[in-house]
Amino acid sequence: MSTITALGHSCFQIETGDHTLLIDPFLTGNPQATVSAEDVNPDFIIVTHGHEDHVGDTVSIAKRTGATVISNFEIVNWLTAQGVENSHPQHLGGGFAHPFGHLKLTIAHHGSALPDGSYGGNPAGLLFTIDGKRIYHAGDTGLFYDMKLIEDEGIDVAILPIGDNFTMGPADSIKAINFLSPKTVIPMHYNTWPPIEQDVNAWVESVKAETSAEPVILAANESLDV
Ligand code: NI
Ligand code: MN
């Protein structure tokens, strides 16, 4: 069993028992965050793309903890130049068996420029296989029909953006859920700032009415066992 904990916006922690993974550790300046960058102790950090609200505190947390940072090749090179010592580059379509489980980078339709304007390669989604469970964190993305290919992997938990404006919104997320057929779906990347405000209760009702997935809302610091 592993435990998924929301930390606000697109930041999630996955505890496997032996390892602590931190995805998109945007904590400093995150209006939804209830823990600070000094209070997390991951041994792996995974970054979906180069935008500030995803790279976030990666450099400071990695320097303090020695965590291995996994991201695309371009972002890993940039993080290394910022002084991050331990890293593992991957790229879209590529999977690797890490100590915590398997991670494959999937496509995402979005941008990936780094905070200083450096080229951040292409944005990614994350497909984890941990203790036989498949967890898909979509990163920032619009709807894409190739989610059908991810469905073939058998998704236990899908973590999808619903904020609209920068990513897919609630209506497209319903299509995404029906492409992915996850057992459970967790929304992210909404209500952080005014342009991505959404009525999450209305979204829950739509998920229940129009998909076979169970919607689970995780406020910051709330967890789901998988
Ligand atoms: Ni983004
Ligand atoms: Mn974002």
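This is a predicted model: local features need pLDDT of at least 70, side-chain atom pairs count only at pLDDT 80 or more; totals for chains, interfaces and linings use all residues.

User: In what sense do strand 2 and strand 3 pair, and over how many bridges?

Analyst: In general, the strands of a sheet pair through backbone hydrogen bonds, in either a parallel or an antiparallel manner. Here, strand 2 (residues 11-15) pairs with strand 3 (residues 20-23) in the antiparallel sense, over four bridges.

User: What is the strand order of the open sheet, and which strands lie at its edges?

Analyst: The order is 6-5-4-3-2-1-14, an open sheet of seven strands with mixed pairing. Strand 6 (87-90) and strand 14 (223-225) are the edge strands, each pairing on one side only. From one strand to the next, the twist averages 20°.

User: Which strands does helix 2 lie across?

Analyst: Helix 2 (residues 58-65) lies across strand 3, strand 4 and strand 5 (68-72), and runs at about 165° to strand 4. Helix 3 (residues 73-81) also packs on the sheet, where it touches strand 5 and strand 6; its direction makes about 140° with that of strand 5.

User: Turning to the metals, which residues coordinate the nickel ion (ligand 1)?

Analyst: The donors to the nickel ion (ligand 1) are His49 (NE2), His51 (ND1), His110 (NE2) and Asp140 (OD), at 2.2 to 2.3 Å. Along the chain these donors follow the spacing H-x1-H-x58-H-x29-D. Histidine 49 lies in the loop between strand 4 (44-46) and helix 1 (52-55), whereas histidine 110 lies in the loop between strand 8 (101-107) and strand 9 (124-130); the two are 61 residues apart, and the pair links distant parts of the chain.

User: Why is histidine 49 classed as buried, and how is histidine 110 classed?

Analyst: Histidine 49 counts as buried because its relative accessible area is 0%, and buried means under 20%. Histidine 110, at 26% relative accessibility, counts as partly exposed.

User: What is the geometry of the nickel site, and how far away is the manganese ion (ligand 2)?

Analyst: The site is irregular, with angles of 87 to 173° among the four donor atoms of the nickel ion (ligand 1). The manganese ion (ligand 2) is 3.1 Å from the nickel ion, and aspartate 140 coordinates both.

User: Where is glycine 139 placed, and is this residue buried or exposed?

Analyst: Glycine 139 is in the loop between strand 10 (133-137) and helix 4 (147-151). This glycine is buried, with a relative accessible area of 0%. Its C-alpha atom is 5.6 Å from that of threonine 48, 91 residues apart along the chain.

Terms used. Residues are numbered from 1 along each chain as its sequence is written. Chains are lettered from A and ligands numbered from 1 in the order in which they are written. Side-chain values use heavy atoms; hydrogens and water are left out. Donors are N, O and S atoms within 2.8 Å of the metal (3.2 Å for Na, K and Ca); water is not among the atoms, so sites may look incomplete. Four donors count as tetrahedral if all angles lie between 85 and 135 degrees; four count as square planar and six as octahedral if opposite donors are over 155 degrees apart and all others between 65 and 115; anything else is irregular. Buried means under 20% relative accessible area, exposed over 50%, partly exposed in between (1.4 Å probe, protein chains only). Two strands pair if DSSP finds at least two bridges between them. Axes are lines fitted to C-alpha atoms, for helices over the stretch in contact, and angles run from 0 to 180 degrees between N-to-C directions. Contact means heavy atoms within 4.5 Å.
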